[in-house]
Amino acid sequence: MSLSTYLLNTINRIVEELSLEERKRLSYLCGQLHTGRCTTNIKEILQSCMGQVHTDEAFLMELMLRMRRYDILSEVLGISKTEAERLLKNGHALSDYRVLMAELSEDVGSDDLESLVFLLRGTLPKEKVENFECFLDVVVELEKLDQISSTRMDVMEKYLRAIHRVDLAKRLSQYQSRAEKQRPAPVKSRDERRACCVAAPHTSSAFPPTSCSVSKHTTPCVNAAVPVYVSPSKPCEQRMEDVYRMQNKPRGLCVIIDCVGSEGAHLERLFSSLHFTVSLHMLLSAREVLTCLQDISRHTEHCRMDAFVCCIISRFDSFQLLGTDSYGPGLDLNSVRRYFMPDSCPGLTGKPKLFFIQGYEMSESSKPTGFCDNEDGELETDSPAHHHRRLEDIPGDADVFWSHCWTNEKQLEDVNHQSVYLQSLKEALVDGQERRIHLVDLHMAVNRAVYAHNHNHPGSAYHINLRHTLRKNVYLS
């Protein structure tokens, strides 16, 4: 996706204001693991990240807020620190882990770095440690060796304590206590049944238990708190990681709609291994996709499960899903999400709803007209204003993870075609299951794989839009 002249100028103004170390922090926050080369291609990295994942200034705003460049927020982006913080309460794109490491880098002085380099001489090659310029250089090399990650902080905590930076070590310990894998505490049999709640949709507080039957007036179910084992040495405020419950077997229903006929079976095996009940639908028209989604949203099983996953592989015209139709109306992407929101599917209230979409965009000359579904489930012609709805506005409710990748449909002409996005997504989810990495962090690996592909194959570029309104961490294990 090409960026507007305004956004390109904004990126240039921001980069010109950054110091060498700030450029490294920005590169790291964008998911890079090559901070040593970031000073020469930081504009390219930022433009690529904006083009693939983000299409407005919100991402730039979050970057500047996390880097504490409030002057750039005000002078370049025209927004105050207070207003930026308010907007980010509705959701954020950056990894909490990377934000933490970038903040620590600001607090690690030259003497501290020299002490760390001395400790690492037996762990990292001499030529590496001699070229370290900041704390993030250390972090990146240890990440490559798999010694630290978003769920493993003990090695870095040990090093920080050894150089007498106990304050920074405590910050790592506090983060790890929320992210480390804990063994669930025993649950008495009378508490094993899931409770439902009586509340308005979109709320996330605790509710009194009630019946779990599903009818026209079904009350929505919510996730119970996940009991975890707590080490006696941990203070009370660190006892629980803020995570969505993932204990039921199956975890939930995964619907896969493959209108291209290429990789639906691979996704079926993947999500079956992640303990989901998988419903695979092949080669559906746009109207058949609509009917399929409506039927699945009415399933009573949602009330007894922990999550929902929807994977779609299809041709698209802008934001209109075409299915197997070559011409004619398409299904508005907003409809895909809307069928699983609390007002339409109360059994999923308070539970993560994960959408992974691989689109193949039709060429400009063959784009059809679109339609969307109205409140009665009928299809109507789209207005021009509706047709150009901004894609980043789609996750409008809580607990939604929306990962949409698109590329040109001409790639389907290759009989051996495999989606770079889907392949990297499968690898990331398997890695996340083995190493217990939460969904937002592991999606960084998908972004890196797509970025690397685009760099090496600019003629077959992929574009990603990642948006989420998750209130907790999601672990698909």
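Figure 1. Helices (H or I, at least four residues) and strands (E, at least two) here are DSSP runs, numbered from the N terminus. This is a predicted model, in which local features need pLDDT of at least 70 and side-chain atom pairs count only at pLDDT 80 or more, while totals for chains, interfaces and linings use all residues. Residues are numbered from 1 along each chain as its sequence is written, and side-chain values use heavy atoms, with hydrogens and water left out. H13 itself spans residues 264-273, and its buried residues are Gly 264, Leu 267, Leu 270 and Phe 271. Looking down the axis of H13, these fall within an arc of 120°, so they line one face of the helix; the arc is taken from the directions from the helix axis to the C-beta atoms. "Buried" means under 20% relative accessible area, with exposed over 50% and partly exposed in between (1.4 Å probe, protein chains only). Just past H13, look for His 275, which takes a positive phi of about 75°.

**Figure 2. Ile 256, in strand E1.** Ile 256 belongs to E1 and counts as buried, at 0% relative accessibility. Setting aside neighbours within four places in sequence, Ile 256 is in contact (heavy atoms within 4.5 Å) with Gly 264, Leu 267, Glu 268, Val 278, Ser 279, Leu 280, His 281 and Cys 311. Ile 256 and Met 282 sit 26 residues apart along the chain, with 8.3 Å between their C-alpha atoms.

Figure 3. The structure has 0 disulfides, a disulfide being a pair of cysteine sulfur atoms within 2.5 Å. Cys 310 is in none, and its nearest cysteine sulfur, that of Cys 311, is 6.8 Å away. For Cys 311, the closest cysteine sulfur is in Cys 254, at 4.5 Å, too far for a bond. Cys 310 is buried, at a relative accessible area of 1%, and Cys 311 is buried at 1% relative accessibility. Cys 311 lies in strand E3; beyond four places in sequence, its contacts are Cys 254, Val 255, Ile 256, Ile 257, Leu 267, Phe 271 and Phe 356. Its C-alpha is 9.4 Å from that of Leu 280, which is 31 residues away along the chain.

**Figure 4. The largest nonpolar core.** A nonpolar core is a set of buried Ala, Val, Leu, Ile, Met, Phe, Trp, Tyr and Cys residues joined through side-chain atoms within 4.5 Å. The largest one here has 38 residues, and those with the most contacts inside it are Phe 271, Phe 356, Tyr 421 and Leu 429. At least two residues each come from E1, H13, E3, E6, strand E9 (400-408), H17, helix H18 (439-456) and strand E10 (463-468). H17 gives the largest share, 6 residues. Zoom in on Tyr 421: not counting residues up to four places away in sequence, it touches Phe 356, Ile 357, Gln 358, Ser 403, Cys 405, His 443, Val 446, Val 450, Tyr 462 and Ile 464.

**Figure 5. His 453, in helix H18.** His 453 sits in H18 and is buried, with a relative accessible area of 15%. Leaving out neighbours within four places in sequence, His 453 is in contact with Val 420, Ser 460 and Tyr 462.

Figure 6. Most residues other than glycine have a negative phi, and most peptide bonds are trans. The bond from Lys 249 to Pro 250 is cis, with omega near 0°; Pro 250 is in the loop between helix H12 (166-179) and E1. Leu 283 has a positive phi, near 55°, in the loop between E2 and helix H14 (286-297). Asp 399, in the loop between helix H16 (384-387) and E9, has a positive phi near 70° and is buried at 4% relative accessible area.

Figure 7. pLDDT, the predictor's confidence in each residue from 0 to 100, averages 77 over the protein chain, and 75% of the residues score at least 70. Over residues 182-239 it stays under 50, and the model has 94 contacts beyond four places in sequence for this stretch. Residues 365-394 are also below 50, with 75 contacts in the model beyond near neighbours in sequence.
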